[in-house]
Each structure stands twice: as structure tokens, then as C-alpha cells.
Amino acid sequence: MLNSRELTPGLLRRMGWILWALGLAACGGEDAGLAAPGPGTPPAGGGGTTDVAALARAYLDVVQLDPGFDECWSGAPEAAGRCLRGPRSGSVLGDAVHRWIRTEWSAIPEIQHLQAQRFAFPHYRVQSMGLRADLGSGPIAVSSFPWFGQGITGPAGVTAPLARVGLPLLPAPDVNGKIALLRFTRQFNADAAATHETLRAAEAAGAVAAVATFDAPGNLIAAHNHDIRNPLGSLPTLIVGKQDFNRLAAAAGSTATLTLNATPVDGRVDNSIAILPGRDPRMLVIGTPMNTWLTGGGERAPGAAILVTLAQQLAARVRQSGPLPYTVVLIATGGHEVYGYGLERSLGCLDADAVLAYVHLGAGLVSQAHVELLGDTVPRPGLTQTQTRAMVMSENPVLEALVDDAFGGAGLGPFFRFEAGRAAPGEAEIAYNLGIPMVSLTGANPYHHTIEDDAAQIVFEALPAMAAAYQRLVDGLLEMPFAALEAANAEADASRGDNPGYSCAGPIAGIPPALQRAP
């Protein structure tokens with residue numbers, strides 16, 4: 001997912017990615033002890049599932065059915081915003097999806113050194129939240145969701161007039177002592193540009209709180225990311241659906257009460273890691289993020305399912321032919337939606353010069369495509385996947401040829417491709433900036449970060465072909481001489497940027513000490 005923060009070289013690449021995507025849319029340590037599966041984990045998630053579509057559904061089952069969910073925040077309205085489930089970093093469900101993938105991997109005997117690499121990040125523990133406003137017939141509760149990291153209130157909340165603010169903000173917006181109403185437009189991967197800067201500007205102008213919305217379908221709440229490198233703000237902010245936002249904007253000047261009673265805490269989230277040892281201890285790394293704000297059907301489930309499928313296929317190759325040519329490291333990363341960059345916390349433990357390549361399973365691999373029709377979002381008919389997917393890779397002709405062989409003619413289009421030096425969205429940027437040849441397929445869908453990013457947003461018929469394409473790519477990489485891929489990476493090496501700077505979260509068991517870096 002993209003980030004909006006200060007103008008760094010990495011951000012400039014991301015801004016280029018956003019502008020490109022807009023044009024595109026116009027065109028159409030020790031091994032950690034493994035926790036037992038959480039109570040109520042469905043049978044499909046119990047280990048050994050071999051069908052990729054069933055694996056995607058099993059990920060969703062954990063999110064939607066695990067009874068450990070404990071984030072029905074008191075004080076929230078008895079409406080859609082009260083109990084929005086999602087595998088959020090630092091939450092019960094966030095931990096549950098990591099347990100699920102480790103359970104699946106544990107059913108593969110060839111996998112060694114199955115482990116959880118835990119790290120801390122700044123987090124909120126919400127006690128109560130809610131929004132009450134007078135929309136013309138007395139105060140009513142408006143469904144809402146926290147925008148984490150922006151600020152908190154006490155138990156009584158803040159009461160102030162509503163003020164509609166246009167974007168971009170004027171130098172001196174009239175929000176002093178008021179609750180600012182801010183409408184953002186998502187551009188790619190469910191992200192909007194300059195959100196942090198806009199909220200800080202409203203805060204500096206005297207706003208006491210904010211209500212934000214994004215352009216998700218209907219009245220759906222679309223959660224938004226928070227970069228944990230930014231300090232905790234003092235502008236408590238809730239997110240509402242765009243239809244509710246329009247009603248609030250029409251009532252500008254009236255008084256509302258916004259509550260986001262929460263305690264800043266140290267959150268905890270895992271990277272889940274599995275290793276298939278090879279004849280050569282140098283490594284091919286394959287990864288996908290596991291966490292997101294809400295549901296994560298089209299966004300996260302296909303990547304998680306394919307990562308399990310690749311492990312099963314590689315294990316079958318080991319049983320048939322013996323050890324793999326290179327060691328394969330599978331990483332299901334944590335902290336994605338708070339820019340915790342779990343991938344950097346794992347790759348930072350490895351000698352980058354000993355990594356053959358990094359293969360990323362990004363968002364929206366087989367998400368359903370939609371069109372706008374009379375102001376509504378409707379799915380495109382048939383086997384039509386999202387049209388805003390892109391294959392991003394290092395400027396490396398050897399890697400490019402392998403990608404062509406793997407994905408060409410697989411019936412997985414449309415997707416677009418460009419060099420990572422132009423833009424490297426999301427966590428795949430970490431590998432690129434370390435000088436590791438990388439490839440990432442990632443995409444967007446209007447329902448990402450909403451509660452309705454469920455099974456309906458997955459084109460299940462396309463999942464086997466997508467998994468097969470990734471398998472062909474991995475097989476091709478495993479047969480590639482290390483020196484050939486390394487020598488072809490000179491142009492990419494010259495375009496490297498800076499990573500956030502997160503350190504290794506702890507030694508990775510199963511990797512020779514000579515190929516690791518100290519935490």
C-alpha cells in the first residue's frame with residue numbers, strides 16, 4: 001500500500017505510481033513455539049488444505065468467524081460501524097490469520113524452522129468510540145470507524161460545531177474550535193495522497209477533531225492507513241461512509257460529539273516464516289502481507305492462499321527430486337496497514353547479497369473488476385479481474401524474461417508493467433532498495449479496506465491460473481544461476497532508494513549465521 005509522508009526519494013517514486021495509476025484507470029532467533037489454532041478456527045484452516053480457492057476461503061473464514069474477535073467497541077452505534085471485523089495488526093484477528101498460515105505450513109513435512117518473528121509497534125487500544133450529530137431531527141448516531149494514530153479523546157469525547165472543509169486546504173481554513181469534515185479521494189491500493197499533511201494542517205488551524213470519508217461504494221466505510229513513523233497526532237479522527245458524510249456536510253454549523261476514547265499501547269504483530277532448505281544456502285524469498293483493516297477478501301486472501309500453495313508445490317518437488325537448488329524462505333508479513341514493514345524487519349536479518357530474488361504476492365491479485373454505472377459501482381460481467389493491476393519489477397532483463405515466460409498467455413490480464421525505479425508500491429520496495437531483484441503483482445478494487453471486501457470480490461475461477469503463473473516464475477528462478485540474475489541487476493542497483501530503517505526483528509532460525517545480519 002502506498003504512503004503519504006515527507007518528500008523522500010521513495011515517496012517521489014510512489015507519487016509517480018499514483019499519477020500513473022490515475023491515468024491507467026482512465027484507460028480502462030530460535031524457532032518460536034507455535035500457538036494452537038484459535039478457538040473456532042474452521043476446519044478448512046486446520047492444515048493440509050490443497051485447493052487454492054479453499055485456502056482463500058479459509059483465510060476469510062478466520063476473519064469472519066473466529067469467535068475471539070473483541071473489537072465491538074462500546075459506545076459505537078448499533079449500526080454497521082459498531083463491529084467491523086478485520087485482521088488488523090495487534091488484534092485478535094490479526095494474530096489469528098498468522099496462526100492459520102502457520103497451521104497450514106505445519107502440515108507440510110518438508111518445511112523446516114517454522115517460526116513467528118514478533119515485533120512491536122505504536123498502537124491504540126480503543127475503549128469506546130462514536131459520533132452523534134443533529135442532522136435536522138435531533139441527535140442521531142452515525143456509523144464510524146477510527147482513523148488510528150491521528151488522536152484520541154477522553155471518555156466524554158469532544159463536542160463542537162461541524163465545519164466542511166474543501167481540499168486542498170486553504171492556508172487558513174475556518175476550523176478553529178470545530179470538527180473538520182474532510183473528503184479524500186482514493187487513488188490506488190485504497191490509499192489517498194497527502195492525508196497526513198492535511199490532518200496536521202487542520203490540527204494546526206485549531207480543529208478539535210475531524211470526520212473523514214473516502215470514495216468507497218455506497219455508504220461503506222473505507223478504513224485508511226496510518227504510518228507509525230509519524231508521531232501520535234492530537235486530532236481525533238473518525239471515518240464515515242460518503243453518504244453519511246454528505247448528510248453531515250449539509251448540517252455544517254450544527255453541533256456534534258465525537259468520541260475516540262483509546263489508550264496508546266505497544267502493539268504486537270508477527271512475521272510468520274517457513275523455510276525449505278536447498279542445496280545452496282543462498283535464498284529465494286517469497287512473501288505476502290497478512291494484515292489489513294477490514295475483511296481483506298480480495299485484498300489479502302488470494303496472496304495468502306497462493307503462498308501456502310507454493311509451499312505445498314515446492315515440498316512436492318522436494319519429495320520427488322530431493323532438495324531445492326536454493327533455500328526458499330516464505331514470509332507472511334505483519335504490520336502492513338500501519339507501514340510497519342514486516343518485510344524489512346525480516347529481510348533486514350539476511351545478507352541481501354545472498355538473496356537470489358524476492359517474489360511478492362501483492363494486493364488484489366484476482367479482485368473483481370467494477371465499473372461506475374449511474375453513480376453506483378457494479379461488477380463487470382464474466383471472468384473480469386481488476387483493471388488497475390500492475391506487474392512491477394526490477395530493471396533486470398533476466399528477471400523480465402522469467403516473468404514473461406511465467407505470466408505470458410496465462411489468461412490473467414489485463415495488467416500493466418513497469419520498472420520499479422519509476423515506482424515500487426508497498427513492501428516490495430524494501431527488496432528493491434536492498435538491491436535484491438524483485439517482482440510484485442499488485443492491484444486495487446473499490447471495496448478494498450471495506451467490510452464488503454469479502455468472497456464476492458474474489459474471482460475464484462482465476463486463482464488456479466494465478467497460482468500456476470507464480471509457480472512457473474518460482475521454478476524458473478530456482479533454475480537460474482545466481483551470478484546471471486545478479487549481473488543483470490546493475491540498472492536497478494543504480495536506482496535504489498532508502499528504506500524506512502526498521503531493524504531486524506530477531507535471528508531467523510534455519511539460515512546459516514554467515515548469511516544473516518545482526519539485529
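The count of disulfides comes to two in this predicted model. One joins C72 to C83, and the other joins C349 to C504. Counted along the chain, the bonded cysteines follow the pattern 1-2, 3-4. The notes below go from these links to the strands, a helix, the nonpolar cores and a few individual residues.

**Disulfide C72–C83**

- The sulfur atoms of C72 and C83 are 1.9 Å apart.
- The link of C72 and C83 is right-handed, with 135 degrees about the S-S bond.
- Both cysteines lie in the loop between α2 (52-65) and α3, so the pair ties together parts that are eleven residues apart in sequence.
- C72 has 35% relative accessibility, so it counts as partly exposed.
- C83 also counts as partly exposed, because its relative accessibility is 30%.

**Disulfide C349–C504**

- The S to S distance between C349 and C504 is 2.0 Å.
- This link of C349 and C504 is right-handed, with 100 degrees about the S-S bond.
- The pair links distant parts of the chain, 155 residues apart. C349 sits in the loop between α7 (342-347) and β11 (355-361). C504 sits in the segment after α12 (490-494).
- C349 and C504 are both buried.

- Five of the five residues of β16 (438-442) are buried.
- Side chains in a regular strand alternate between the two faces of the sheet.
- On one side of β16, M438, S440 and T442 are buried.
- β11 pairs with β16 in the parallel sense, over four bridges. Y358 stands opposite M438 there.
- Strand β14 (residues 390-393) pairs with β16 in the antiparallel sense, also over four bridges. V392 stands opposite S440.

**Strand β5 and its partners**

- β5 covers residues 179-183, and four of its five residues are buried, so the strand is largely enclosed by the rest of the structure.
- Strand β4 (residues 158-164) pairs with β5 in the parallel sense over three bridges. R164 has L181 of β5 as its bridge partner.
- Strand β6 (residues 209-213) pairs with β5 in the parallel sense over five bridges. The bridge partner of R183 in β6 is T213.

**Helix α3**

- α3 spans residues 92-106 and has 15 residues.
- From first C-alpha to last, α3 reaches 21 Å. This is close to the 21 Å expected at 1.5 Å a residue.
- α3 is mostly covered, with 13 of its 15 residues buried.

**Nonpolar cores**

- The largest nonpolar core has 86 residues. The residues with the most contacts inside this core are F145, L248, M283 and V285.
- Leaving aside neighbours within four places in sequence, V285 is in contact with V329, I331, L347, L350, V355, A357, Y358 and V359.
- A second, separate core has 70 residues, including A56, V63, W100 and L361.

**Buried Q115**

- Q115 lies in strand β1 (residues 112-134).
- The relative accessible area of Q115 is 3%, so this residue counts as buried.
- Its side chain reaches two backbone atoms. One is the oxygen of H113, at 2.5 Å. Another is the nitrogen of A509, at 2.9 Å.

- Most residues other than glycine have a negative phi.
- T295 has a positive phi, near 60 degrees. T295 lies in the loop between β9 (278-289) and α6 (297-321). With a relative accessible area of 2%, T295 is buried.
- H449 has a positive phi as well, near 70 degrees. H449 is found in the loop between β16 and α10 (463-478). H449 is buried, because its relative accessible area is 0%.

Notes:
Residues are numbered from 1 along each chain as its sequence is written. This is a predicted model: local features need pLDDT of at least 70, side-chain atom pairs count only at pLDDT 80 or more; totals for chains, interfaces and linings use all residues. Side-chain values use heavy atoms; hydrogens and water are left out. Helices (H or I, at least four residues) and strands (E, at least two) are DSSP runs, numbered from the N terminus. The expected span of a helix is 1.5 Å times one less than its number of residues. Buried means under 20% relative accessible area, exposed over 50%, partly exposed in between (1.4 Å probe, protein chains only). Two strands pair if DSSP finds at least two bridges between them. A disulfide is a pair of cysteine sulfur atoms within 2.5 Å. A polar contact is a pair of N or O atoms within 3.5 Å; within protein, one must be able to donate a hydrogen and the other to accept it, and residues adjacent in sequence count only if both atoms are side-chain atoms. A nonpolar core is a set of buried Ala, Val, Leu, Ile, Met, Phe, Trp, Tyr and Cys residues joined through side-chain atoms within 4.5 Å. Contact means heavy atoms within 4.5 Å.
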